[in-house]
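Hi,

Here is the structure I promised to pass on to you. Have a look at it first, and my notes follow just below.

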Amino acid sequence: MPRKTPRVADLVMQELEAMMLDGQLKAGEKLPPERALAERFQVSRPSIREAIQKLVAKGLVDSRQGGGNYICQNMSASFSDPLHALLEGHPEARQDLLEYRTTIEGACAWYAALRADEHDLTRLAECFTALRLAHEKDDRQDEAGADVQFHLAIAEASHNVVFYQMMKGLCAVLERSLLLNISGLYQRQDTRSRIFEQHKAIYEAICAAKPEAAKLASEQHLGFVGISLIEMQREQNRLARALLP
């Protein structure tokens, strides 16, 4: 039986999905007009329209009457929602999250140092600057958000769509976890300063295109956070026991 030739609309849909996967098209972002997409892919506008309709049917694009087409905001919600309750109800599960992050983000940093292009380095510089400014003005909420974006930019710079999508799916969980962690860890200025210096070491290793140094810096950073959280939990337990009648 002869192999079926893919329809033009299916090929365009696959290209758009690939752009979502690698971060060229981000959640909440408006798709370019049909005319621009037709010119980009060198196809007819009806083919573009059909491809978009297929993406709408798959729940990846939201088509708004008279307002254009947007990448859906909740693409990663199914992954992150169950973890919110788990992390908030079971503090020990935060260590599991850190173990996961140590493994994945060490690899992200390694590949980012190996593959980051000019666009990636510009994005990383922007994220690190935002992190530094939040750190300097002692805004914990801004610092938590900037921290997440910094680590997400590293995943994007790895040019590995699986790493990037997994990290993007964890963004909401990470930000909530970081706020919980920062509120305790950053009570001590020396701990807070060390964490910032660790971020700086990761950033500099990636910019210097040193994969091993970037991986090591990332693993040391998350290892330090893990140990600090254990110590913080022990201190809280000691205080709780001291208050018992």
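A word on naming before we start: helices here are DSSP runs of H or I with at least four residues, numbered from the N terminus. With that in hand, R192 is found in helix α9, which covers residues 189–207.

Please keep in mind that this is a predicted model. The chain has a mean pLDDT of 82, with 78% of its residues at 70 or more. Confidence is lowest in helix α4 (residues 77–89), where the mean is 51, and highest in helix α6 (residues 118–136), at 95.

Back to R192: is this residue buried or exposed? R192 counts as buried, because its relative accessibility is 4% and the cut-off for buried is under 20%. Its side chain makes a polar contact with the side chain of E143, at 3.4 Å.

Now for the nonpolar side of things. The largest nonpolar core has 29 residues, and C108, L124, F150, I154, I206 and A214 are those with the most contacts inside it. Two or more residues of this core come from each of α5 (93–115), α6, α7 (140–157), α8 (161–185), α9 and α10 (211–242). The largest share, eight residues, is given by α7.

Another core, of 17 residues, lies apart from the largest one, and M13, L37, A38 and L60 are among its members.

Best wishes

Notes
Residues are numbered from 1 along each chain as its sequence is written. This is a predicted model: local features need pLDDT of at least 70, side-chain atom pairs count only at pLDDT 80 or more; totals for chains, interfaces and linings use all residues. Side-chain values use heavy atoms; hydrogens and water are left out. Buried means under 20% relative accessible area, exposed over 50%, partly exposed in between (1.4 Å probe, protein chains only). A polar contact is a pair of N or O atoms within 3.5 Å; within protein, one must be able to donate a hydrogen and the other to accept it, and residues adjacent in sequence count only if both atoms are side-chain atoms. pLDDT is the predictor's confidence in each residue, from 0 to 100. A nonpolar core is a set of buried Ala, Val, Leu, Ile, Met, Phe, Trp, Tyr and Cys residues joined through side-chain atoms within 4.5 Å.
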